Amino acid sequence: MNLVAKNFYRTGIPSGVIHIGGYDGNEQKWYDAWGAKSVWFEPLPDKFQELKAKGLNAYQFAIGSKEGRAKFNLSKSLQCCSILEPSGHLEKYPDFSFEGSIYVDVKTLDSFAFKDYNMLVLDVQGYEMEVLMGAIETLKHIKIIYCEVAIIELYKNAPLFSDIYKFLSEFEFVDIDWVDGVQKGWGDALFLRK
């Protein structure tokens with residue numbers, strides 16, 4: 001979130017954050033410091049309960065382009081779990097093995113009709129494009145997007161940075177900053193609506 005804070009002169013301070021892929025909710029300290037309300041999405045049952053125990057406004061859903069149920073691949077490191085199957089991830093990070101799966105409920109972000117949030121955070125392990133395709137109406141109200149992006153394929157059929165950039169440019173977003181992830185194969189990108 002340092003990437004967001006250092007760009008406040010360009011983005012302004014967010015007033016509301018939609019955080020998809022909440023995991024343990026550690027970013028809430030940033031949102032509190034900014035005075036921003038937040039809503040969280042986390043499909044993993046234990047992690048969802050952790051968010052609720054912290055008093056966060058959380059929903060136990062994966063977010064995607066269509067509603068239904070999906071297989072959610074579990075990794076030894078819960079931060080690497082994804083609806084997508086691992087590919088390059090297994091070679092790049094052999095210590096993070098994938099072991100089993102669960103089924104999770106999937107909703108579109110548009111089904112929640114959020115209109116008073118202006119920042120979207122995506123930490124969904126390669127599922128970013130699916131989330132964005134289910135958020136066409138929501139994107140009309142978003143000014144800032146903080147998104148984990150890959151520069152090599154870590155999950156099967158996952159979009160790369162260039163795919164995310166092209167999609168978001170159609171909604172008048174520009175990439176204004178990047179946390180270098182060349183060594184890791186991924187990083188965080190910050191997009192701002194023109």
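Modeller: W178 counts as partly exposed, because its relative accessible area is 25% (buried is under 20%, exposed over 50%, partly exposed in between; 1.4 Å probe, protein chains only). The model is predicted, so local features need pLDDT of at least 70 and side-chain atom pairs pLDDT 80 or more, while totals for chains, interfaces and linings use all residues. Numbering starts from 1 along each chain as its sequence is written, and side-chain values use heavy atoms, with hydrogens and water left out.

W178 sits in strand 9, residues 173-179 (strands are DSSP E runs of at least two residues, helices H or I runs of at least four, both numbered from the N terminus). Leaving out residues up to four places away in sequence, W178 touches L3, V149, I151, F161, G187, D188 and A189 (contact: heavy atoms within 4.5 Å). E148 is 30 residues from W178 along the chain, yet their C-alpha atoms are separated by 9.7 Å.

E148 leads on to the largest pocket. Together with Q79, D123, V124 and Q125, E148 lies nearest the pocket's centre. The lining counts 47 residues, and the volume is about 880 Å³ (a pocket is an open set of points on a 1 Å grid over the protein atoms alone, with protein on both sides within 12 Å along at least five of seven lines; lining residues have an atom within 4 Å of a point; the volume is the space filled by probe spheres set on the points).

What is the lining of the largest pocket made of: how many nonpolar, polar and charged residues? There are 30 nonpolar, nine polar and eight charged (Asp, Glu, Lys and Arg count as charged, Gly as polar). Strand 8 (144-150) is among the elements that supply at least two lining residues each. Strand 8 gives the most, four residues. Others on that list include helix 3 (28-34), helix 6 (128-133) and strand 10 (186-193).

Strand 4 (62-63) also supplies at least two lining residues. Strand 5 and strand 6 (98-107) run antiparallel, joined by seven bridges. There, S75 stands opposite F98 of strand 6.

For contrast, take T138 in helix 7, residues 136-139. T138 is buried, because its relative accessibility is 3%. Beyond four places in sequence, T138 touches I18, L109, D110 and F114.

Notes: 1 Å grid on protein atoms, 1.4 Å probe; cavity = no way out; pocket = protein on both sides within 12 Å on 5 of 7 lines; lining within 4 Å. Pairing = 2+ DSSP bridges.
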